[in-house]
Amino acid sequence: MMKDAHNYLQRCSVLATQAAQKGNSRVGAVVVKDDEIISEAEEAVKTKNDVSCHAEMEALREAVKNLHTNDLSGCTLYTTHEPCIMCSYAIRFYKIKAVIYLNQSKYLGGVSSSMPLLISTEVPPSWSEPPIINHIKEKVD
């Protein structure tokens, strides 16, 4: 785990609060490379009227744009919630090296569900190995 994981997760919590204030689900995410935040995002499904605008997806899109590459293998994703299957697909496609999250998903989690895409080895050969997964169970405010 990165030395500043607590700080990154605190930032995710701030983003999640901002999302909730706008009527979205309370989720925030940041992408970090070399101990620097490359991108950050809040959940925007309701405000953008687009189901693909989960915080993790929005942060990944911004990271790809900011780094000018589809290869995010040097990056870690921090998020308030376990990535869903849709987000897990993108995480694997972009080769994120580690995922650190706070809250386990009730449904369709990329690690905890019956479809654990985030940790599955049954993926296209061009995808990365499963990322390092760290479920932080402490409260972060």
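**A surface patch, then inwards**

Let me start with Leu-108, which is partly exposed at a relative accessible area of 47%; here buried means under 20%, exposed over 50%, and partly exposed in between, with a 1.4 Å probe and protein chains only. Before I go on: this is a predicted model, where local features need pLDDT of at least 70 and side-chain atom pairs count only at pLDDT 80 or more, while totals for chains, interfaces and linings use all residues. Residues are numbered from 1 along each chain as its sequence is written, and side-chain values use heavy atoms, with hydrogens and water left out.

Back to Leu-108, then, which sits in the loop between β4 (98-103) and β5 (132-135). Helices (H or I, at least four residues) and strands (E, at least two) are DSSP runs, numbered from the N terminus. Together with Tyr-107 and Met-115, Leu-108 makes a nonpolar surface patch with about 360 Å² of accessible area. Such a patch takes residues with over 30% relative accessible area and no salt bridge, joining nonpolar side chains (Val, Leu, Ile, Met, Phe, Trp, Tyr) within 5 Å and like charges within 9 Å. The areas are Shrake-Rupley values with a 1.4 Å probe, and for residues only the protein chains shown count as cover.

Now the charges. How many salt bridges does the structure hold? Four, taking a salt bridge as a side-chain nitrogen of Lys or Arg within 4 Å of a carboxyl oxygen of Asp or Glu. One of them pairs Arg-11 with Glu-40, at 2.6 Å from N to O. That one links distant parts of the chain, 29 residues apart: Arg-11 is in helix α1 (residues 5-21) and Glu-40 in strand β2 (residues 36-42). Arg-11 is partly exposed at 26%, and so is Glu-40 at 33%.

Because Glu-58 lies in helix α3 (residues 55-67) and Lys-48 in helix α2 (residues 45-48), the pair ties together parts that are 10 residues apart in sequence. Glu-58 also meets Arg-61, at 2.5 Å from N to O; these two both lie in α3, three residues apart, about one turn of the helix. So Lys-48, Glu-58 and Arg-61 form a salt-bridge network, in which Glu-58 counts as buried at 13% and Arg-61 as partly exposed at 36%.

Next, the inside. The largest nonpolar core has 23 residues, and those with the most contacts inside it include Val-31, Leu-60 and Leu-72. By core I mean buried Ala, Val, Leu, Ile, Met, Phe, Trp, Tyr and Cys residues joined through side-chain atoms within 4.5 Å. Which element gives the most to this core? That's α3, with six residues. Leaving aside neighbours within four places in sequence, Leu-72 is in contact (heavy atoms within 4.5 Å) with residues including Leu-60, Val-64 and Ile-96.

Last stop, the hairpin. β1 and β2 run antiparallel, joined by six bridges; strands pair if DSSP finds at least two bridges between them. Lys-33 has Glu-36 in β2 as its bridge partner. Two residues lie between the strands, and Asp-34 takes a positive phi near 50° in this hairpin.
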